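Keep the structure open as you read.

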Amino acid sequence: FRIKDIIIVSAPVEITSNLINVVVAGSLSTCTAADAQDCTHSYLMSPTVRDVTPSRGSAGDVVNITASGLNAGNCAGHTVTIGTAACTPQTCSSSWLTCSLGAHSAGVYGVALTVLGVGKAGGGEMPLFTYDLYLSTASPTQGGFGGGASVTIAGSGFNSKEALNMVSIC
């Protein structure tokens, strides 16, 4: 298989429905069989995530991700995850995108980006994002010092495994 004067000998190649998918070091390059002579793959084409602002927040917040290699014409073609939560793209340009944070337990997580037809972001250190623990209500709001009363706390950033959520009321 030949791509622009580079002969690929051992890269996995998948041909389905006249599409040619070549994966090299985790990055995907896709062309149609008709334009296979013009198919290009280069680490220089790989997207790179440079920054995320703000660097902390909670589910539903909107963050701005500065990156290279984005497709301004196809925001839906970007997949962003922070930890294991999806961050749904809303607007984008060739150098930034905004996305709405999905629910995740509180903690510090890496920001991952995949651009359709180009592949996963690589190169350099992955920016980090902090999911905050946010408490919106506690009920009841008063009680005796003797203990034993149940308190319901609502908010976001709790771990989905209830046993890992420890609450102390002082």
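Strand β11 spans residues 96–101 and is mostly covered, with five of its six residues buried. Keep in mind that this is a predicted model. Strand β11 pairs with β8 and with β10.

**Strand β11 and its partners**

- Strand β8 covers residues 62–68 and runs antiparallel to β11.
- Five bridges join β8 to β11.
- Look for T88 here: its bridge partner in β11 is S100.
- How many residues lie between β10 and β11 in their hairpin? There are three.
- In a regular strand, side chains alternate between the two faces of the sheet.

**The salt bridge**

- Side chains of opposite charge can pair when their charged atoms come close.
- The count of salt bridges in this model is one.
- Its partners are R56 and D132, whose side chains meet at 2.8 Å, N to O.
- The pair links distant parts of the chain, 76 residues apart.
- R56 sits in strand β7, residues 56–57.
- D132 lies in the loop between β14 (128–131) and β15 (134–139).

- R56 counts as partly exposed because its relative accessibility is 47%, between the cut-offs of 20% and 50%.
- D132 has a relative accessible area of 21%, so D132 is partly exposed as well.

Definitions and conventions: Residues numbered from 1 in each chain as written. Predicted model: local features only at pLDDT ≥ 70, side-chain atom pairs only at ≥ 80, totals over all residues. Heavy atoms only, no water. Buried < 20%, exposed > 50% of the residue type's maximum accessible area, 1.4 Å probe, protein only. Helix = DSSP H or I, 4+ residues; strand = E, 2+ residues; numbered from the N terminus. Pairing = 2+ DSSP bridges. Salt bridge = Lys/Arg side-chain N within 4 Å of Asp/Glu carboxyl O.
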